[in-house]
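Here is a short briefing for a reader new to this structure. Topics are grouped under plain headings.

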Amino acid sequence: MFSTLFQDSPEYERRKLTPFVPPQVTWPELSAAVPRRLFHRNTIKGLSYVVRDVVLAYILYKLAWQFSPFVASLNTQFDMPPAVTTLVNMALWSCYWFSQGIVLTSWWCLAHEASHGTLSSHRWINDSVGFLLHTFLFVPYFAWKSSHHSHHQATVSVERDENYVPPTRSEFNLPAQDLAHIGDYREALEESPIYTFIRIIAMQVLGLHAYLMFNCKGSSRYPPGTNHFHPSSPLFKPQERNGIITSDIALSIMCSIVYFWTKRFGLGSFIRLYMIPFMFVNHWIVMLTYLQHTDPTVPYYRKKEWTFIRGAISTVDRPLLGWIGQVFFHNVSHNHVGALLESINSILCVFPLLNSALDPDPASDNQPEVTECIKKVLKDNYNYDSTVRIPLATTVIDNTQVFFQNTFRALYRSFVECEFIEDDGDIVFYKNRQGRAARHLAK
């Protein structure tokens with residue numbers, strides 16, 4: 001079983017062996033495949049997710065305050081050895097950090113849905129909810145909303161995409177493809193496993209706010225100093241500046257709240273109760289967004305071959321965290337290909353209600369159902385990657401299997417295999433540290 005933790009999925013291996021044919025599917029074909037009943041937004045249901053996650057976060061916060069008294073009671077009342085109480089304390093805090101990180105990531109995902117107008121049919125509700133949730137996580141809602149919509153309107157466009165834009169051969173100062181030797185790639189790209197591990201950790205912990213503050217992994221067409229906080233940033237249109245200022249004011253207020261809270265309760269409490277879960281949020285958000293488009297088998301397009309539909313379907317669905325990802329990440333990773341309709345929502349303002357895949361009412365279980373409808377049209381152009389999905393057990397109640405999800409294998413694979421793209425070519429794939437692409441165009 002241990003060896004299977006590092007295996008690539010059969011879907012990924014199949015794509016590697018299949019020469020790429022640019023998809024010819026059209027928006028009318030995709031639209032016709034989705035039943036009209038799925039094009040529905042329910043404000044009450046959308047807000048119920050918000051209430052659920054706010055209440056869960058508060059309950060976890062209140063429980064965490066009881067950890068120290070509980071551990072102390074184990075020592076005084078039950079005379080447990082210090083080593084045992086230390087282990088109990090570590091276990092309790094580890095559970096809190098993971099659980100609160102998951103719930104707060106759900107806040108981020110709900111704000112993401114709100115930015116697309118899918119939480120409610122009322123724009124003011126969407127923006128109010130998204131604004132409050134993102135501000136608590138130190139994300140400038142209106143600034144991020146603007147650049148994120150730009151991303152959806154130019155997904156995997158080499159010239160116009162907003163984030164995770166691949167560097168080119170020339171940016172690494174590599175010789176031309178027909179002149180480069182293996183030594184050239186080693187000199188420019190090779191690094192020790194420890195250094196690779198450190199870079200992955202840095203991206204996972206700091207990546208989101210490094211992008212917001214310094215445009216790290218953003219488009220190189222913007223000048224140095226570009227960020228999501230300056231109202232006159234080239235990321236934004238002039239009419240969006242009031243929203244940027246509003247976000248900045250809200251973040252300043254949030255900083256003040258955190259400062260006075262920390263002054264009252266102490267830096268240690270701030271780190272344990274907020275900072276570490278906050279780092280988990282950064283990790284999950286970077287992981288799911290990075291893996292949506294950064295894959296050795298998914299193409300990038302230049303303007304001659306790029307179309308809106310081709311860009312929107314150039315993403316990969318992944319069962320990140322299994323049922324946890326379905327319930328708390330609201331299918332953002334499980335059914336991201338279905339979010340191509342979310343992209344079109346930016347233009348047409350039509351998209352099915354986000355939902356949990358465990359909702360008992362199948363008529364409202366829209367996003368997974370939308371994905372199933374789209375798969376029938378996309379066929380081989382639908383990208384799914386179950387790396388690594390290992391069955392652990394079968395439930396007694398409904399005879400369904402429980403899986404262990406090691407999406408970290410996919411994260412490492414993309415990190416080391418997706419190094420650069422060629423400077424020319426209208427459809428290009430990432431190349432690795434040996435200058436080889438995992439997939440090629442059909443001749």
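A residue counts as buried when its relative accessible area is under 20%. By that cut-off Asp127 is buried, because its relative accessible area is 12%. The model is predicted.

**Salt bridges**
- A search of the whole structure finds 19 salt bridges.
- Asp127 pairs with Lys145, with the closest N and O atoms 2.9 Å apart. Lys145 sits in helix 7 and Asp127 in helix 6, 18 residues apart. Lys145 is buried too, at 13%.
- Arg169 and Glu422 form another salt bridge, with the closest N and O atoms 2.7 Å apart. This pair links two loops, and its residues lie 253 residues apart. Arg169 is buried at 4%, and Glu422 is buried at 9%.
- One network of salt bridges with shared partners joins Asp8, Asp295, Arg318, Asp385, Arg409 and Arg413.

**Helix packing**
- Helix 5 (residues 82-115) packs against helix 7 (residues 141-152) at an angle of about 65°. Their axes are 10 Å apart.
- The crossing of helix 5 and helix 7 is right-handed.
- Residues in this contact include Trp108 and His112 of helix 5, and Trp144 and Lys145 of helix 7.
- By class, the contact has 5 nonpolar, 4 polar and 1 charged residues.

**Nonpolar cores**
- The largest nonpolar core has 52 residues, and Trp108 and Phe329 touch the most other members.
- Helix 5 gives this core its largest share, 11 residues.
- Beyond its neighbours within four places in sequence, Phe329 contacts several residues, among them Ile102, Cys109, Trp284 and Leu288.
- A second, separate core of 13 residues includes Tyr300, Tyr301, Trp306 and Ile421.

Note on methods: Residues numbered from 1 in each chain as written. Predicted model: local features only at pLDDT ≥ 70, side-chain atom pairs only at ≥ 80, totals over all residues. Heavy atoms only, no water. Axes fitted to C-alpha atoms, helices over the stretch in contact; angles between N-to-C directions. Helix = DSSP H or I, 4+ residues; strand = E, 2+ residues; numbered from the N terminus. Left-handed = near helix turned anticlockwise from the far one by under 90°. Contact = heavy atoms within 4.5 Å. Nonpolar A, V, L, I, M, F, W, Y, C, P; charged D, E, K, R; others polar. Core = buried A, V, L, I, M, F, W, Y, C linked by side-chain atoms within 4.5 Å. Buried < 20%, exposed > 50% of the residue type's maximum accessible area, 1.4 Å probe, protein only. Salt bridge = Lys/Arg side-chain N within 4 Å of Asp/Glu carboxyl O.
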